[in-house]
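Here are my notes for your first look at this one. Have the model open while you read, and take the points in order.

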Amino acid sequence: MIQVFAFRLLFYTHLTLLLSASYGNGSHDKRPPSFSCGSLGRIHYPFTKAEEPECGLIAIHGCDNSSSAIKTIQLQKNGRILVLNGVVQPQNYITVLDPSLHNELMNYTCLALNNNISSLPHDSPLVSFHIHYKVTMYRCNHSLNVRPPSDFMKHTCPGYDLYYDSSSSYLPPNDEQVHSSFSKCSVLQLPRKDLTDTKDLLSFLTAQMVIEVRLSDECDKCYNHMGGQCRLDRNNTFLCDKGTF
């Protein structure tokens with residue numbers, strides 16, 4: 001009996017040492033756990049609570065408030081504050097509302113057309129953002145006397161006209177005639193409804209956006225295959241941190 005007990009003690013001691021070693025050399029998965037965010041349910045990386053910014057790439061504000069309280073998100077430092085209405089994982093789709101754009105669309109004014117979503121964060125070594133359902137427009141001064149392609153619609157604002165093709169794909173048309181017609185105009189994009197029965201610009205635009213959040217290839221490998229955290233060093237260069245979180 002004493003020998004059996006001694007054997008078991010030796011076995012468990014050895015097992016403990018092995019487990020401790022695995023934690024120390026980074027072979028154990030040290031990724032941060034999922035967290036609860038009220039009515040949005042449980043969410044995991046690359047999102048994190050604002051109170052724990054070191055645990056993810058995109059902070060959600062208000063997760064620890066009441067379940068029905070509004071949750072907000074910013075896609076870049078000092079960026080617009082967006083209302084977060086939904087998160088779908090593991091696909092990493094989020095549904096957000098831009099309150100400022102919403103108010104301007106409700107007032108049905110040209111001010112809404114200054115909210116260019118192409119100014120959202122550019123791709124970084126960590127993550128990129130891809131907005132689904134958008135329309136590309138060409139902003140041209142009245143003095144240019146533009147002659148657009150026959151399938152383009154025009155919306156007139158003080159000082160400029162906006163030309164758009166409401167029936168085209170959501171990406172900028174790759175057409176020589178289009179580029180030639182609007183060569184002296186600026187390009188902007190705004191979110192649009194996924195389904196609409198109108199070609200009126202201010203009627204089919206929306207402040208509700210569906211955004212896909214994509215990890216960079218390096219970050220995906222680091223987090224999903226190496227159990228590490230994606231970081232940037234002081235030179236904005238990618239770094240896979242496999243320390244203790």
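1. A definition to begin with: a disulfide is a pair of cysteine sulfur atoms within 2.5 Å. Cys 219 and Cys 230 form such a pair, with an S to S distance of 2.0 Å. The link is right-handed, with 105° about the S-S bond. Cys 219 sits in helix α5 (residues 217-226) and Cys 230 in strand β14 (residues 229-232), so the bond ties together parts that are eleven residues apart in sequence. (Helices are DSSP runs of H or I with at least four residues, strands are runs of E with at least two, and both are numbered from the N terminus.)

2. Before going further, a word on what you are looking at. This is a predicted model, where local features need pLDDT of at least 70, side-chain atom pairs count only at pLDDT 80 or more, and totals for chains, interfaces and linings use all residues. Residues are numbered from 1 along each chain as its sequence is written, and side-chain values use heavy atoms, leaving out hydrogens and water.

3. Now the overall picture. The protein chain has five helices and 15 strands. Of its 245 residues, 39% are buried; buried means under 20% relative accessible area, exposed means over 50%, and partly exposed is in between (1.4 Å probe, protein chains only). The chain exposes about 14600 Å², with carbon and sulfur atoms supplying 53% of that; the areas come from the Shrake-Rupley method with a 1.4 Å probe. Take contacts (heavy atoms within 4.5 Å) between residues at least 6 apart in sequence: 56% of them join residues at least 24 apart.

4. Back to the cysteines. How many disulfides are there by the rule above? The count comes to five. If you number the bonded cysteines in sequence order, the pairing reads 1-2, 3-5, 4-6, 7-9, 8-10.

5. Two further disulfides deserve a look. Cys 110 bonds to Cys 157 at 2.0 Å, S to S, and this link is left-handed, with -90° about the S-S bond. It connects distant parts of the chain, 47 residues apart: Cys 110 is in the loop between α2 (99-106) and β8 (127-132), and Cys 157 is in strand β10 (residues 153-157). Cys 140 bonds to Cys 185 at 2.1 Å, S to S, and here the link is right-handed, with 110° about the S-S bond. Cys 140 lies in strand β9 (residues 134-141) and Cys 185 in the loop between α3 (176-181) and β12 (186-191), so parts 45 residues apart in sequence are tied together.

6. Are these cysteines buried or exposed? Cys 140 and Cys 185 are both buried. Cys 110 is buried at 19% relative accessibility, and Cys 157 is buried at 3%. For the pair in point 1, Cys 219 is buried at 0% and Cys 230 is buried at 2%.

7. On to the nonpolar cores, meaning sets of buried Ala, Val, Leu, Ile, Met, Phe, Trp, Tyr and Cys residues joined through side-chain atoms within 4.5 Å. The largest has 29 residues, and Phe 47, Ile 60, Ile 73 and Ile 94 have the most contacts inside it. β4 (58-61), β6 (82-88), β7 (93-97), β8, β13 (208-215) and α5 each supply at least two residues of this core. A second, separate core has 18 residues, including Leu 113 and Phe 204.

8. Lys 49 is worth a click. This residue is in strand β3 (residues 47-49) and is buried, at 13% relative accessibility. Beyond neighbours within four places in sequence, the contacts of Lys 49 include Phe 35, Ile 60 and Asp 64. With Asp 64, Lys 49 makes a salt bridge (3.2 Å, N to O); the term means a side-chain nitrogen of Lys or Arg within 4 Å of a carboxyl oxygen of Asp or Glu. Asp 64 is partly exposed, at 49%.

9. The structure holds four salt bridges. Among them, Arg 214 pairs with Glu 212 (3.3 Å, N to O). Another links Asp 241 and Arg 231, with their closest N and O atoms 3.5 Å apart. Asp 241 lies in strand β15 (residues 238-241) and Arg 231 in strand β14, so parts ten residues apart in sequence are tied together.
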